[in-house]
Amino acid sequence: MDALVDNLLEELNCETIFTIPVAGGIPIMESVVVSWILIVAVIFICFLITRNLKVEHPGRGQLALETVVSGGYNFFKNNLGEEGVCYIPYLMAVIVYIGISNLIGIIGFKPPTKDLNVTAALAIMSIVLIEVSGIRKKGCKGWLKSFAEPMPVILPINILEIFIKPLSLCMRLFGNVLGSFVIMELLKLVVPMVLPAVFSCYFDIFDGLLQAYVFVFLTSLFMKEAME
């Protein structure tokens, strides 16, 4: 059990890779560096898979890529409607980032989503997007008026939701990723041979992708509510 506690503390510890000598020093954490590597890798992969696109007689790879992109586009379009189409690229970028971040531990990197700062930043960006989408749809006056709907007595609750939603998104993503790590460490202590490898396929792959889906789905759901 002491080993589990030590491993958990090590996972929660955000190591500083280097410091930018500006304004007294800006520490750059491991999660930030891994995120940079991830972003560069995704951009490079996107360049490779899109450099030979064809309008006529596309190959199987292009057809598969178009199927995946159009499927994601239609999914978010069904959630948000025509008025939310402009937000789809951001949501698709976020699901790719979170999905790969959760899977990157398989190849030895520490997932950035194990850093509470990363999940908090993602949640803050989501809540800003949610409120901006409501303002763009209703206007400032209509957006402010919506806090008193359906009746003025729930005004404090609606205002409180602005802070509850990002906290919920942040802690759900961080808690599930960290919880998966704790369960895997317990399994390694109890059954150190075959069983952890089987459950690793679930927690490291399926659950990681599921949490990416849940995060962007809830973001799109909150955006739809804001635009209604």
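This is a short tour of a predicted model, stop by stop.

Local features need pLDDT of at least 70 and side-chain atom pairs count only at pLDDT 80 or more, while totals for chains, interfaces and linings use all residues. Numbering runs from 1 along each chain as its sequence is written, and side-chain values use heavy atoms, with hydrogens and water left out.

**Stop 1: helix α5**

Select residues 116-146, which form α5. Helices here are DSSP runs (H or I, at least four residues), numbered from the N terminus. Check the ends. The end C-alpha atoms of α5 span only 31 Å, whereas a straight helix of 31 residues would span 45 Å at 1.5 Å a residue. The expected span is 1.5 Å times one less than the number of residues. Now pick G139. There α5 bends by about 115° (the angle between axes fitted to the seven residues ending there and the seven starting there). Go back to the start of α5. A side-chain oxygen of D115 comes within 3.0 Å of the backbone nitrogen of N117.

**Stop 2: the largest pocket**

Select V68, M92, A93, I95 and V96. Of the 24 lining residues, these lie nearest the centre of the largest pocket. A pocket is an open set of points on a 1 Å grid over the protein atoms alone, with protein on both sides within 12 Å along at least five of seven lines; lining residues have an atom within 4 Å of a point. The space in this pocket is about 750 Å³. A volume is the space filled by probe spheres set on the points, which are joined across faces, edges and corners.

Colour by element next. α2 (30-50), α3 (60-80), α4 (88-103) and α7 each supply at least two lining residues. α2 gives the most, with eight. By class, the lining has 21 nonpolar, three polar and no charged residues. Nonpolar means Ala, Val, Leu, Ile, Met, Phe, Trp, Tyr, Cys and Pro; charged means Asp, Glu, Lys and Arg; the others, Gly among them, are polar.

**Stop 3: the second largest cavity**

The count is two cavities of 30 Å³ or more. A cavity is a set of points where a 1.4 Å probe fits but cannot get out. Select L169, R172, L173, Q211, V214, F215 and L218, which line the second largest cavity. α6 (155-190) and α7 (195-227) are the elements giving two or more residues to this lining. α7 gives the most, with four. The cavity has a volume of about 40 Å³. Its lining divides into five nonpolar, one polar and one charged residue.

**Stop 4: Q211**

Stay on Q211, in helix α7. Is Q211 buried or exposed? Q211 counts as buried because its relative accessibility is 7% (buried is under 20%, exposed over 50%, partly exposed in between, with a 1.4 Å probe and protein chains only). A polar contact of 3.4 Å joins the side chains of Q211 and N176. A polar contact is a pair of N or O atoms within 3.5 Å; within protein, one must be able to donate a hydrogen and the other to accept it, and residues adjacent in sequence count only if both atoms are side-chain atoms.
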